[in-house]
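Welcome! Take a moment to look over the sequence and the model, and then let us walk through them together.

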Amino acid sequence: MAGRSGRGENTAAQRRSALLAWYRAQARDLPWRVSPGARAAGVRADPYRVWLSEIMLQQTTVQAVKGYFDTFTARWPTVGALAAAPRDDVLAAWAGLGYYARARNLHACAEVVARDHGGRFPDTVEGLQALPGIGPYTARAVAAIAFDRPVVPMDGNVERVMARLHAVETPLPAAKPELARLADAFEGGEDPGDIAQALMDLGATVCTPRAPACVLCPLREGCAAAARGIAADLPRKAPKAAKPRRFGIAFWVTRADGAVLVRRRPDEGLLGGMVEFPSTPWGDEMPGLQAARAHAPVDAAGGWVLVPGRVAHVFTHFALELAVARPRCAAGARLPEGAFWAHPRDFGALALPTVMRKVARLALDEAG
DNA sequence: TAGTCGTGGCA
DNA sequence: TTGCCAAGACT
């Protein structure tokens, strides 16, 4: 087959060329992107903005990221500014975006870059990947986009494009090494940053998970899955385990001035470092009020009463249902160890994850 | 290696 | 309603 390039077969160079032409013509405008035109005119991408966007975009949609990216870059325009910020401010600004280890690592990474690298990001894959929160994908993405390193970052988009282009039937994640080898064919040319972004754009807008728009695809000629009519069926994936359900009771304790009792979660694990309303442990069934009382943050002399309604929230690997209890009468104002008071008007500046904002909404709606 | 770790949108 | 999905990293 060597040297052949007939109908339905494209050389690697032809594919790169077709992909770049498509990318430069479609001009997708994103806040962290330097347009191909500006790039050709010599404008360089800011490694800080590229890095920040790539961290935010991990497992997260462009639409969800845009507002957060604007907020972060307006508030902390440089990696040095971000490093100098209190970590709680960064966590609070990240609240609602999810995967909070990213926010902790983001701040840790900024500190390392500011302190150990003079405020400049390393310009190699190896140097980048040594930083907190930067793995194989992000290291290659930043290296290609910000530093013109000839590498292809392997993300879900690129894996999907490769699986279809070559009709790889092996299910993920077992197919990952093979897909990475196939992507190597897109390395080596000029403009590795544009190639990287073009492959991801293609996956995001044309070679989509459902109902791919093959008729619009610059790589259609030579796509094995399209030729066989199975593009929408690839990549195949190993079946996932069912999500267990968990239940708990959150305690809504208010002070005379309306402030609510909150506490900070441990740094490790689920919602690490974020703020929550005290609750029972989250178990296999909804506890009764009597059993829940042992976990209450304060002693309610008049007992506890349930707020009407429930909070439902789905995490990555389990679904949670929370009831909310409040003291029947005014509770003792003694502050439990590790807890503090926060007024609802200040919740916006607090690192409250979405599930806890739902709890607040339920409790505040009842209060009127 | 296989779990853990959020959230919102969509069919 | 339910499950699936999105520019992964870490342990």
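**Around the DNA strand**

DNA strand B is surrounded by 18 residues, and the closest are Tyr100, Leu271, His313, Thr316 and Thr354; a residue counts as near the strand if one of its heavy atoms lies within 4 Å of it. This is a predicted model, where local features need pLDDT of at least 70 and side-chain atom pairs count only at pLDDT 80 or more, while totals for chains, interfaces and linings use all residues. Residues are numbered from 1 along each chain as its sequence is written, chains are lettered from A and ligands numbered from 1 in the order written, and side-chain values use heavy atoms, without hydrogens and water.

The surface near DNA strand B divides into nine nonpolar, nine polar and no charged residues. Here Asp, Glu, Lys and Arg count as charged, Ala, Val, Leu, Ile, Met, Phe, Trp, Tyr, Cys and Pro as nonpolar, and the others, Gly among them, as polar.

Now look at the phosphates. A phosphate oxygen of DNA strand B is 2.5 Å from a side-chain N or O atom of His313, and another pairing puts a polar side-chain atom of Tyr100 2.6 Å from a phosphate oxygen.

Next, find helix α7, residues 101–116. Just after α7, Gly118 takes a positive phi of about 65°.

Key: Helices (H or I, at least four residues) and strands (E, at least two) are DSSP runs, numbered from the N terminus. The expected span of a helix is 1.5 Å times one less than its number of residues. A polar contact is a pair of N or O atoms within 3.5 Å; within protein, one must be able to donate a hydrogen and the other to accept it, and residues adjacent in sequence count only if both atoms are side-chain atoms.
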